[in-house]
Amino acid sequence: MIDRLTFLGTGDSMGVPRVYCDCSVCAEARSGELNRRTRSSVLLESGGKQLIIDCGPTWGQQMERLRMRDLDHLLITHAHYDHIGGLPEYADLCRWLRKQGNVYAPAEVLQSLRSFFPWLENHLVYHEVDEGHTFGEWKIHPWRVCHGKNGFSYAYRFSKAGYDWVYCPDSIRLNEEEKKPLYHLNLLILGTNFYQEKANPMTRSVYDIVEALELVEEVQPEKVYFTHLSHGIDLAAVADYRLPKQCKLAYEGLQLLLSP
């Protein structure tokens, strides 16, 4: 059985459209759906089981879109609202279904969840994954990455029978040690807010596409999908970005088969 990855959300921390914004990307997102983006998240299906990475405030919309009524496994990259804001809704699902859901994350991320949502462990079981984790036949390796002005996040490398891929939605200015797990990949999913962000580099928290392409040139993954896209990215204008053939912009509902 070939495993499958589905992009549930591809937006940045605010999503698209921005409620206050009348730019062309937000205008199209309101009427045409091409650039409509909920908070970044993916669904891994493997061996008949399902694992969602991150659970932002639009998690419920994403579940409705797939007509999913249940979920057993969640993996969290970091404890920022756009990645954990849906956890109370997930806990409510577990409460109504009279079950306990499983949430996986490094210990320091779980500690933050306890401080933000102290009641969640009534319905959720927390699993520390600092030393690695498995999901089906996938071996999952977490490591801390620079999240710029926002501190840190975690990225995850998944390995199985000759196929390796990484999910890294929130990072910038990775040092040499942080880059090591990005080598020898079949697939890299990397967060990129804008095509070229003009703000002071020290005030930023996520790569832009220009910077990400330099990273891609260095680590040489076979395929790359950029996610965590802001209203500064227009899917209708993808040709203008002149991406290398192995690099693409992710969109919601996109499905990838994970096989050599």
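**Briefing: pockets, rings, backbone and charges**

The second largest pocket is lined by Tyr163, Asn186, Leu187, Glu222, Lys223, Tyr225, Lys248, Leu256, Leu257, Leu258, Ser259 and Pro260. This is a predicted model, in which local features need pLDDT of at least 70 and side-chain atom pairs count only at pLDDT 80 or more, while totals for chains, interfaces and linings use all residues. Residues are numbered from 1 along each chain as its sequence is written, and side-chain values use heavy atoms, with hydrogens and water left out.

**Pockets**

- On a 1 Å grid over the protein atoms alone, a pocket is an open set of points where a 1.4 Å probe fits, with protein on both sides within 12 Å along at least five of seven lines; lining residues have an atom within 4 Å of a point.
- The second largest pocket holds about 190 Å³ of space, a volume being the space filled by probe spheres set on the points, with grid points joined across faces, edges and corners.
- Strand E12 (223-227) and strand E14 (255-258) each supply at least two residues of this lining, and E14 gives the most, with three residues. Strands (E, at least two residues) and helices (H or I, at least four) are DSSP runs, numbered from the N terminus.
- The lining of the second largest pocket divides into seven nonpolar, two polar and three charged residues. Here Ala, Val, Leu, Ile, Met, Phe, Trp, Tyr, Cys and Pro count as nonpolar, Asp, Glu, Lys and Arg as charged, and the others, Gly among them, as polar.
- The largest pocket has a volume of about 260 Å³. Its lining comprises 18 residues, of which Ser13, Asn150, Asn193, Ser205 and Val206 lie nearest the centre.
- In the lining of the largest pocket, two residues are nonpolar, nine are polar and seven are charged.

**Aromatic rings**

- The structure holds ten aromatic pairs. Rings of Phe, Tyr and Trp (its six-membered ring) pair if their centres lie within 6.5 Å; planes under 30 degrees apart count as stacked, over 60 as edge-to-face and the rest as tilted.
- One of these pairs is formed by Phe117 and Trp119, which are edge-to-face at 5.7 Å centre to centre, with 80° between the planes. Phe117 is buried, with a relative accessible area of 13%, whereas Trp119 is partly exposed at 42%. Buried means under 20% relative accessible area, exposed over 50% and partly exposed in between (1.4 Å probe, protein chains only).
- The pair of Trp138 and Tyr163 is edge-to-face because the planes stand at 80°, with the ring centres 6.4 Å apart. This pair links distant parts of the chain, 25 residues apart: Trp138 belongs to strand E8 (residues 138-146) and Tyr163 to strand E10 (residues 163-168).
- Trp138 is buried at 1% relative accessibility, and Tyr163 is buried at 7%.
- Trp138, Phe158, Tyr163 and Trp165 are linked by ring pairs into a cluster.
- Arg144 lies over the face of Phe152, at 3.7 Å from the ring centre. A charge sits over a ring if NZ of Lys or CZ of Arg is within 6 Å of the ring centre and within 35 degrees of the ring normal.

**Backbone features**

- Val16 and Pro17 are joined by a cis peptide bond, with omega at about 10°. Pro17 is placed in the loop between strand E1 (3-9) and helix H1 (24-31).
- Asp54 is not a glycine, yet has a positive phi of about 75°. Asp54 occupies the loop between strand E3 (49-53) and helix H2 (59-66) and is buried, with a relative accessible area of 0%.
- Arg67, also a residue other than glycine, has a positive phi near 55°. Arg67 lies in the loop between H2 and strand E4 (73-75) and is exposed, at 71% relative accessibility.

**Salt bridges**

- A search of the whole structure finds 18 salt bridges, each a side-chain nitrogen of Lys or Arg within 4 Å of a carboxyl oxygen of Asp or Glu.
- Among them, Asp12 and Arg18 meet at 2.9 Å, N to O, and both residues are buried.
- Arg114 and Glu121 also form a salt bridge, at 2.9 Å, N to O. Arg114 is partly exposed at 30%, and Glu121 is partly exposed at 35%.
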